[in-house]
Amino acid sequence: MILFLLAVGLAALSGVPGLFGRDREGRTAAMLMTASAVLGTWAGVRVLLGAPAPALRLPTLALGSQGLLVLDPIAAWFLLPVLLLSACGAWYGVAYWHSPQGSPRWVRLVFGLLTAALAVLVCAAHMWVFLLAWEGMAIAAFLLVITEDRLPETRRAAWIYLVSTHTGTLFLFGAFGLLAGLTGHWDLAAWPRGFAATSQGTLLFLLFLAGFGMKAGAMPLHIWLPPAHAAAPSHVSSLMSGVLIKMGILGLVRLVAWVPDPPLWWGGLVVGLGTLSGILGVAFALGQHDLKRLLAYHSIENIGIILLGLGLGLVGKSTGHPALQALGFAGALLHVVNHSLFKGLLFLAAGSVGHATGTRDLEQLGGLGRNMPWTSAAFLGGSWAICGLPPLNGFISEWFIYLGSFRALGLPRWPWSVGILAALALIGALALACFAKAFGTVFLGTPRSAAAAEAHESPRAMLIPMAVLAGACGVIGVFPALIVPGLDRVVATLGPGLPGLAGLTRLPLLTGLALALVLVGLLLVRWLRGGRSTETVPADLPTWDCGYSQSVPRAQYSASSFADGLVSGARWVLFPKVHAAKVQGLFPRSARFSSHVPDPVLDRTLDPLFRLSVRGLSYLHAIQTGQLPVYLLYVLLTLLFLLIWMVV
Amino acid sequence: MFTDFLIALTMLTNFTLVATSRVNKAIQLAVFQGILLGLIPIAMGLGKHLHILLVAAAAIAVKGWLIPFLLRRAVTQAHIYREVDPYVGYTVSLLLCAAGTGLSLMLAHSLPLKPGSTPTFLVPAALATLFTGFLLLVSRRKALTQVVGYLVLENGIYLFGLLLVEDMPVLVETGILLDLFVGVFVMGIVINHIHVAFDSTDTSYLAELKD
């Protein structure tokens, strides 16, 4: 426990030296974060390898129960990505700030605090500690999102985030309060058997699902996620998308561990949410033109995949099917870690693009692969992993969920598993299309703007964190057997008597296939290079000029035209807004085209609703006179009313 | 007996407070009331508890010396000596105060109090003082008189606290005192700022800050 507390302390204080002017670039902060990550990872890995879970307890009963923090396997599993991503983010942040307008000192301090809050949150064993860390995390993230507060869209994004996170916390307050009232203590502990099926159990489940789903960004509750991720500095988006939204999943995983007998419809509801988030997340991602917004919608999609796994495990728990539980939970948990690795990597790479060109607009980029080979390699690796292609890590976790769904096909009480298979397949295909669009538009072709043409590769402090994350993706993808013992221990806490994954998944075969694939890939690259080495290729030649002697960048496929087939095909879900002038005659006038896909919940539902309610509430302005005595009079009248009401 | 006398004096002070127009006199009366309240626990025979004695001494020191000191300084700085043209006139204030006191006497009988607490004049006096404080806050225009109203309001709360004085931890009482002190301190600063910004301490100017 000392190791863990030391790690939390180091992370929390990492920004403090910077406040006193000694640490101008943030190297000290990054070193402190690295030390914190090493210590915390050590503590976490020991637990995952079977050491007893260390705990921090208070001797007195002043807070209603003893245990405050317990580093159990679930906590250790979530702790590892928290520490890895925050250390990578801290180093990335050293070089990311090229302009003096931001306030890196402040950002570093809050970044450390956010990491500490996340680390405490994963270990919380007391409801108050959980809620304190939860709010600490939410507020620290708000301060980080609003870093570039001179931009109006950043301020808007931060406010939406603050309102949604507090709405989520409200649900959690309700849930924890209800739970504590029913059990009589504040421990986060197992529910009694038979409780989950009662009406209070149902209410608790729905409250928890709403609260945690809001944080995780499951589809109808995702409104804060795309704007906040787009507005935050890139290493912050990487930490938010990689770990912060996973805290919602952590809550649901804890819930699964507490409940011995979940009703069957719980799993069904979670699977339904997962399907909705997964498919709509990637569909809306296809319509985006902002690189970071696109990645943010992909986070929603991946939360959907995680929920599919979790729901499958819940179904297994309700129907008493150990193999199904093991595969579903393992798939979900592994995807949590995998997504934090490759999404962290993708956001860092997107930040690197923004750093080099000053824009995130896909239609302004293009051809960056030439000037930024390492960033483009990192982005390609991340895209490969997020699409669930072998031999990278995204494939492994989706493979677990696929295996589980196939096993669930035979369940007589639950016929929906074929839906999971269809959803996963659809998500995978659309994700591939979307990343073909993103990677192709940003890194291939010819530059669409001067900024993109003059792009430069990022400094080493930004590239090394990306390399670390990409390496982790590769290791998990090729040698999944390395992490299976730890994963088994986490899964074992979620249900009694679950089988080990090694017997269910044929991992050595996967490793062999992955190695073969890597080998084939290397040979292919060598063959292509070897074939071309005799000629000299001018460096500034366009990729493909369609047979014209002089092609212009504007004649390329743009991001919207690339995705148009899919976006227009799904017009009945996405409702894209297209502004185009009709082109008429032989010599048409110059015309402009633009399209965007508004968010279905935020832009199409909540925004008009709030506008309407603002108009309705404006009549209440009359009682706001601005005169102090009048307000005091209101207080006095309320007091009198209450007194008389109490007496009569 | 002596307690009842002190409580009666407190209630009479309320009437004088709402009827006075001079700021200095209002401050004097509030101080007088504060000292009376400080004496009540001793008169109630609670002097044997050391922490109650200490809190009473602290209350007298804060209300009898520190707060009037701050307020008098504000008076001399802002050159406000009279409450001219209040929202509610003095006669009406007096009538309202009387109505409030009557209402408190009526309400106090039927309030569900802790069983075992002796029915004294303490509860009606506390309610009446609360009402008076509110009346001053609501009906006066000058920030300084409003501060006096706030003081009287706190006195009412203090009186109510005396009901539970034997059970109340010393922390709560010192908390109330600290609250009062900080309140007056902050309002002193606010008064100064209003004076600087609007060249007057008339709080009705604050309505201009409304959006």
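Modeller: Happy to! Helices (H or I, at least four residues) and strands (E, at least two) are DSSP runs, numbered from the N terminus. This is a predicted model, in which local features need pLDDT of at least 70 and side-chain atom pairs count only at pLDDT 80 or more, while totals for chains, interfaces and linings use all residues. Residues are numbered from 1 along each chain as its sequence is written, and chains are lettered from A and ligands numbered from 1 in the order in which they are written.

Of the 211 residues in chain B, 38% are buried (20 or more other C-beta atoms within 10 Å of the residue's own; 12 or fewer is exposed, in between partly exposed, with C-beta atoms placed from the backbone). Among the contacts in chain B with a separation of 6 or more, 74% join residues 24 or more positions apart (a contact has C-beta atoms, placed from the backbone, within 7 Å).

Now to the start of that chain. Helix α1 (residues 2-19) of chain B packs against helix α2 (residues 23-43) of chain B at an angle of about 165°, and their axes are 9 Å apart (lines fitted to C-alpha atoms, for helices over the stretch in contact, with angles from 0 to 180 degrees between N-to-C directions). α1(B) and α2(B) are therefore roughly antiparallel to each other (over 145 degrees; under 35 is roughly parallel, 65 to 115 roughly perpendicular, the rest oblique). Their crossing is left-handed (the near helix is turned anticlockwise from the far one by less than a right angle; clockwise is right-handed). On the α1(B) side, the residues making the contact include Phe2(B), Leu6(B), Leu9(B) and Thr13(B), and on the α2(B) side they include Leu29(B), Phe32(B), Leu36(B) and Ile40(B). The residues of this contact divide into twelve nonpolar, five polar and no charged (Ala, Val, Leu, Ile, Met, Phe, Trp, Tyr, Cys and Pro are nonpolar, Asp, Glu, Lys and Arg charged, the others, Gly among them, polar).

Chain B also touches its partner: 14 residues of chain B are in contact with eleven residues of chain A. The chain A side of that meeting has seven nonpolar residues, four polar and no charged.

The axes of helix α1 (residues 2-13) of chain A and helix α3 (residues 27-48) of chain A come within 8 Å and cross at roughly 160°. That makes α1(A) roughly antiparallel to α3(A), and their crossing is left-handed. Among the residues that meet there are Phe4(A) and Leu10(A) from α1(A), with Met33(A) and Trp42(A) from α3(A). This contact holds twelve nonpolar residues, two polar and no charged.

For helix α18 (residues 417-443) of chain A and helix α24 (residues 559-569) of chain A, the axes come within 9 Å and cross at roughly 170°. The crossing of α18(A) and α24(A) is right-handed. Ala433(A), Lys437(A), Gly440(A) and Thr441(A) in α18(A) meet Ala559(A), Phe562(A), Ala563(A) and Leu566(A) in α24(A), and these residues divide into five nonpolar, two polar and one charged.

Conventions: Contact = placed C-beta atoms within 7 Å.
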